[in-house]
Amino acid sequence: MTAPDVGRGIGNGENAAEITTTFVGLPRDSFRILHVSTGNVCRSPITERLTRHFVAQRLGVLGGGLIVESAGTWGHEGAPMEANAETVLADFGADASGFVGRELLDEHVIRADLVLTATRDHRAQVISMGHSAGLRTFTLKEFTRLVKAIDPATLPPLEDGVVIRARALVRAAAALRGWLLAPTAEADEVYDPYGAPLPFFRSVGDEIHEALDPVVTALTGVPART
């Protein structure tokens, strides 16, 4: 699959609230990733903080212009993440501090260049909000499957900037969506561990890690450290 020509991204507005949920000191030309689940206290906090962790490992703390945040379709506004989610993040060496749950708002979708959801229902809810979100909204596992089918050599090199590369990756994945279907409907789901014991949280964390690794590698052009 050849990545399309570079296009224009979506919204780079900043305010005080954003500074607490994104990498600090980012250039204005940035690429915003929004992770979405239900309560924004289990799956999407794990996914947000693991993404930040993996990006920082590859590109340093500034992340090359990648902004990573999360929200919930029934978000527990102002709530901390679940204690078991914090433990999962600690297992991976990721930082769970300072997290505050958010309810998904129109402005979050408008600003996002890529929306990655835990389930197909979440994806449908994001797309139903409008804002031309359909071409940039995927389940996490769906996006992983599509990204794996894209030849990295067809994407802009890292020397052109992570933002340009990331935008091209999203367009290439969207173009593949109708051609590379999931083997089963369940294959695109990350199930909710809310209220479950720690072993189930850890299994969900492993699922998210496995799905995120090729995504972050494709976004950054830098493989994980071995």
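Reader: Why is Leu-66 called buried?
Author: Buried means under 20% relative accessible area (exposed is over 50%, partly exposed in between, with a 1.4 Å probe and protein chains only). Leu-66 has 0%, so buried it is. This is a predicted model, where local features need pLDDT of at least 70 and side-chain atom pairs count only at pLDDT 80 or more, while totals for chains, interfaces and linings use all residues. Residues are numbered from 1 along each chain as its sequence is written, and side-chain values use heavy atoms, leaving out hydrogens and water.

Reader: What makes helix 6 "roughly perpendicular" to helix 7?
Author: Their axes, lines fitted to C-alpha atoms over the stretch in contact, cross at roughly 95° and come within 9 Å. Angles of 65 to 115 degrees count as roughly perpendicular, so helix 6 and helix 7 get that label.

Reader: Which residues of helix 6 and helix 7 meet?
Author: Phe-143, Leu-146 and Val-147 from helix 6 meet Leu-169, Val-170, Ala-173 and Leu-176 from helix 7; contact means heavy atoms within 4.5 Å.

Reader: How many nonpolar residues does the contact of helix 6 with helix 7 have?
Author: Seven, with no polar and no charged ones. Ala, Val, Leu and Phe are among the types that count as nonpolar.

Reader: Which residues touch the most other members of the largest nonpolar core?
Author: Phe-31, Phe-138 and Phe-143, out of 48 residues. Helix 7 gives the largest share, ten residues.

Terms used: A nonpolar core is a set of buried Ala, Val, Leu, Ile, Met, Phe, Trp, Tyr and Cys residues joined through side-chain atoms within 4.5 Å. Helices (H or I, at least four residues) and strands (E, at least two) are DSSP runs, numbered from the N terminus. Axes are lines fitted to C-alpha atoms, for helices over the stretch in contact, and angles run from 0 to 180 degrees between N-to-C directions. Angles under 35 degrees count as roughly parallel, over 145 as roughly antiparallel, 65 to 115 as roughly perpendicular and the rest as oblique.
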